[in-house]
Amino acid sequence: MKIDEFKFEFRKIIDNNKNFILTTHENPDGDGIGAQFALFLYLKQLGKNIKIINQDKPLSKYHFLGLSDKVQTKVINSADYIIIMLDFNEKKRVGQKIQKIFDNYKNLICIDHHKEPEELTNSISYIDIYSSSTCEIIYLLLKDEINNFSSIWKQKFANFLYTGLIYDTNNFANSNVKPVTFSIASKLIELGANNNLCYLNLFENRSLSELRLLGETLSSIEEYFDSKVVCYLTSQKMLKDCNVDMELTSGFSKEVKPTDEHEVIIYFRELNKNHYRCSLRSKNLNVQKIAKNYDGGGHRHAAGFEVEMELQELKEKLVELIRVCP
Ligand SMILES: [Mn+2]
């Protein structure tokens, strides 16, 4: 579907309905949250009844956006609601605890930029895998209507979308950045986005405890398969020693970058005994395929999953999967 066609269908559903649920994938990131908050503002301005329902509350680094308290983590009966899925396209990625949200709904709208979408019934979708972020799509979808906003709302809206843009592009450093990404960023700055505020909150507000934990985490680095695979870990013991929560590790998966020599980087977070969340990053290999083996998802160069397994066994299995990956 072209964006103009989608815009037309989207607006029709918005005009004919009152109740909306905005949701994003589990462990919500800056792109999912930015897209939710921007749509929240847009629908609010149209007088709609909106709920933001995610499996997990936004991390503290997103509190500066000012809508974290609108996010609820309990499922409601959604029979009378239009559900808008943002930054994911497979229902199960919403997270197990709120999966029931999809038991009942009036209609489904999916806006995303991930590959291999699930076939969704009773829905309209706009998925552009060439878009840097879901926030980029939201801008293109709503840009003509933003002018009706007051200047305060414009500025909030711009900060929400700018946050998603810099989160998913790593402050415009990733290969998903296109000329259009910069032109949208420029429009958002014109609307009042505060690039410095967004950047500082997302990438630079580190406490000493976080730095200590990062030090411990990086000292766990190990190499496998002729150094092609590099693994590192944040364990429960490290969290205890530094007296912090796992929440603080949200940016740690980007701390070690894949290179020509170290092709795949695997970051493990120990959630419980023999229960890990794994983040995979690669330069060339398609790690989304590897994550799929464990029911995970993501992109070609960055993907993740959760699994219950002994760590050594898990490392060996992953190294083997990487070895046989074409
Ligand atoms: Mn995204």
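The questions and answers below concern a predicted model.

User: In the open sheet of six strands, which strands stand at the edges?

Analyst: The strand order of this sheet is β7-β8-β9-β10-β12-β11, and the pairing is mixed. A strand at the edge has a single partner, so one of its sides is left without a neighbour in the sheet. The strands in that position are β7 (222–224) and β11 (297–298).

User: Which residue of β12 does H275 stand opposite?

Analyst: Strand β10 covers residues 275–282 and strand β12 residues 302–308. The two run antiparallel and are joined by seven bridges. In this pairing, the residue of β12 opposite H275 is E308.

User: How many residues of strand β1 are buried?

Analyst: Strand β1 (residues 19–24) pairs with strand β2 (residues 49–53) in the parallel sense, over four bridges. Within that pairing, I21 stands opposite K51. Strand β1 is mostly covered, and of its six residues the number buried is five.

User: Are α2 and α4 roughly parallel or roughly antiparallel to each other?

Analyst: The axes of α2 and α4 are 7 Å apart, and the helices pack at an angle of about 160°. Angles over 145 degrees count as roughly antiparallel. The relation of α2 to α4 is therefore roughly antiparallel.

User: Is the crossing of α2 and α4 left-handed or right-handed, and how many charged residues does their contact have?

Analyst: The crossing of α2 and α4 is left-handed. The α2 side of the contact includes D31, F37, L41 and Q45, while the α4 side includes W153, K156, F160 and D168. By class, this contact has nine nonpolar and five polar residues, and the number of charged residues is three.

User: How are α4 and α6 oriented to each other?

Analyst: Helix α4 (residues 151–169) and helix α6 (residues 195–204) have axes 10 Å apart and pack at an angle of about 50°. The crossing of α4 past α6 is right-handed. An angle under 35 degrees would count as roughly parallel, and 65 to 115 as roughly perpendicular. The orientation of α4 and α6 is therefore oblique.

User: Which residues of α6 does α4 meet, and how many residues of the contact are nonpolar?

Analyst: From α4, the residues N159, Y162, T163, I166 and Y167 take part. They meet N195, C198, Y199 and L202 in α6. The contact of α4 with α6 has no charged residues and three polar ones, and the number of nonpolar residues is six.

User: Which elements cover the buried residues of α3?

Analyst: In helix α3 (residues 134–142), the buried residues are T134, C135, E136, I137, I138 and Y139. Their cover includes the strands β4 (82–86), β5 (107–112) and β6 (123–127). It also includes the helices α2 (30–45), α4 and α5 (179–190).

User: With which residues is E210 in contact, leaving aside its neighbours within four places in sequence?

Analyst: E210 lies in helix α7 (residues 208–218). With 18 other C-beta atoms within 10 Å, E210 is partly exposed. Leaving aside neighbours within four places in sequence, the contacts of E210 are V244 and L248.

Note on methods: Residues numbered from 1 in each chain as written. Predicted model: local features only at pLDDT ≥ 70, side-chain atom pairs only at ≥ 80, totals over all residues. Pairing = 2+ DSSP bridges. Axes fitted to C-alpha atoms, helices over the stretch in contact; angles between N-to-C directions. Left-handed = near helix turned anticlockwise from the far one by under 90°. Contact = placed C-beta atoms within 7 Å. Nonpolar A, V, L, I, M, F, W, Y, C, P; charged D, E, K, R; others polar. Buried ≥ 20, exposed ≤ 12 C-beta atoms within 10 Å, placed from the backbone.
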